[in-house]
Amino acid sequence: MGRITEDLVRRNAEHNDCVIFSLEELSLHQQEIERLEHIDRWCRDLKILYLQNNLIGKIENVGKLKKLEYLNLALNNVEKIENLEGCEELTKLDLTVNFIGELSSVKTLRGNVHLRELFLMGNPCADFEGYRPFVVAALPQLQCLDGKEIERSERIQALQNLPAVEQRIREQERAHCLKRAREKQEAQRKLREELENKEKENRPGFEGHWDPGSGATLPPSAESKDHPQAPDIQGGERNHRKPEDGEDDLEFWNKPSLFTPESRLETLRHMEKQRRDQEKLRLDFSLKDDENRHQIILDLAVYRYMDTSLIHVDVQPTYVRVMVKGKAGEVITGGRGTHTSVRSTMDSSREQPDKRSKPTEKLEVDPSKHSFPDVANIVQGARHTPRRVRPAPGVMPSEEDPDFEDNPEVPPLI
């Protein structure tokens, strides 16, 4: 689930040299944001704010944006119009395709005297009988509703029929509230069932193997009996998911579902799970000892058409570390040839804060089953005692030298 962070705001403020305090326009659409926060403290000068296609369930923390003129909250989970009284310069508000069922909450926009355009199409309240006359009468400053201009005669008629229309709106709101209460109870029941099913699968009696990379228990079908097969070189990327996962995914998308805030959150959780499964790095490799050439050969199968800049190899005397897409796997060089899977030990994008605390996992090969030279001990570490360097003997002058002069006052050199 996404959150509004300072780093996210700065990345979307490149047009302002990543300076956020003086930012006037900000786009945070399609970020899976669930809560509206921090913006009113970091970006006081905002005039345009795009937050469409997220999962925001409540309008909050925008009251200090006094200069805000346009707020786009389309395709979110908003159920009520609130907390916009402080946006004094608000001119346009887009709440298309949300879950607003409390139509009377539009009255909170009466204090936004500069509001000219309002979009509520795609909300449950837009299907209420008397929806448009009620909004037109409740907001006299409004000039355009759902992209259609408000005529003067339409406003006069709406004001005349307001008492009767308001009564019908109240009745429809109560019916909608009862419906939403039932939908919330049903969503909570489904969530409890999912949690109970997961607890049953993770009990000790469940057959499978423990995956240290994800902390999940996988059934025996996730592993082959002897050796996992290498990816098909001609077929592109290998499908690492189990057949049951594909069936569950197809069943999820074919299952009928109501369009509610809870169903949107459920869909996001399902997609998050799929992304996590795809991010797990499970690549086949083989480690072989070529005794004829005195070589150790590591054959690693990577994805087809993958850029080689995403592959980093570090060869050391006792191990080989391979980084693929920012995820590392280590192989100990010390045993017979093997064929297994490399598992992710570090995710640079999601597990960076914890990489210091978690030790690197290593796949070891049993050296007792096959003998071959230990590359760590090829060169014996014999200790060598330091030798003192003797100075070269000085050249003694000879008496036969024509330039030699014997000075009796000079003591002998030896």
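This report describes the fold, the strand pairing and some single residues of one predicted protein model.

Residues are numbered from 1 along each chain as its sequence is written, and side-chain values use heavy atoms, with hydrogens and water left out. Since the model is predicted, local features need pLDDT of at least 70 and side-chain atom pairs count only at pLDDT 80 or more, while totals for chains, interfaces and linings use all residues.

## The chain as a whole

The chain has 7 helices and 16 strands. Helices (H or I, at least four residues) and strands (E, at least two) are DSSP runs, numbered from the N terminus. Of the 414 residues, 33% count as buried. Here buried means under 20% relative accessible area, exposed means over 50%, and partly exposed is in between (1.4 Å probe, protein chains only). The accessible surface of the chain comes to about 27400 Å², and 49% of this surface belongs to carbon and sulfur atoms. Accessible areas come from the Shrake-Rupley method with a 1.4 Å probe; for residues, only the protein chains shown count as cover.

Contacts can also be sorted by distance along the sequence. A contact means heavy atoms within 4.5 Å. Among contacts between residues at least 6 apart in sequence, 47% join residues at least 24 apart.

## Strands and their partners

Two strands pair if DSSP finds at least two bridges between them. An open sheet is formed by 7 strands in the order 1-2-3-4-5-6-7, with mixed pairing. Its edge strands are strand 1 (25-27) and strand 7 (148-149), each of which pairs on one side only. Strand 5 (residues 117-119) and strand 6 (residues 144-145) run parallel and are joined by 2 bridges. Leu-118 has Leu-145 in strand 6 as its bridge partner.

Strand 12 (residues 311-315) pairs with strand 13 (residues 319-324) in the antiparallel sense, over 5 bridges. A hairpin of 3 residues joins strand 12 to strand 13. Val-313 stands opposite Val-322 in strand 13. In a regular strand the side chains alternate between the two faces of the sheet.

## Around Tyr-70

How many aromatic pairs does a search of the whole structure find? The search finds 1 aromatic pair. The ring centres of Tyr-50 and Tyr-70 are 5.6 Å apart and the planes are at 90°, so the pair is edge-to-face. The pair links distant parts of the chain, with Tyr-50 in strand 2 (residues 48-50) and Tyr-70 in strand 3 (residues 70-72), 20 residues apart. Rings of Phe, Tyr and Trp (its six-membered ring) pair if their centres lie within 6.5 Å; planes under 30 degrees apart count as stacked, over 60 as edge-to-face and the rest as tilted.

Tyr-50 counts as partly exposed because its relative accessibility is 21%, whereas Tyr-70, at 14%, counts as buried. The charged end of Lys-92 sits over the ring of Tyr-70, 4.8 Å from its centre. A charge sits over a ring if NZ of Lys or CZ of Arg is within 6 Å of the ring centre and within 35 degrees of the ring normal.

## Helix 3 and Pro-163

Helix 3 (residues 131-138) is mostly covered, with 7 of its 8 residues buried. Among these buried residues are Tyr-131, Phe-134 and Val-135. The C-alpha atom of Phe-134 is separated by 9.3 Å from that of Pro-163, 29 residues apart along the chain. Pro-163 has its place in helix 5 (residues 162-201). Pro-163 has a relative accessible area of 59%, so this residue is exposed.

Most residues other than glycine have a negative phi, and most peptide bonds are trans. Asp-17 has a positive phi, near 55°, and the phi of Cys-18 is also positive, near 60°. Asp-17 lies in the loop between helix 1 (6-11) and strand 1, and Cys-18 is found in the loop between helix 1 and strand 1. Asp-17 counts as exposed because its relative accessibility is 66%.

| Residue | Relative accessibility | Class |
|---|---|---|
| Cys-18 | 34% | partly exposed |
| Cys-87 | 0% | buried |
| Cys-177 | 47% | partly exposed |

A search of the whole structure finds 0 disulfides. A disulfide is a pair of cysteine sulfur atoms within 2.5 Å.
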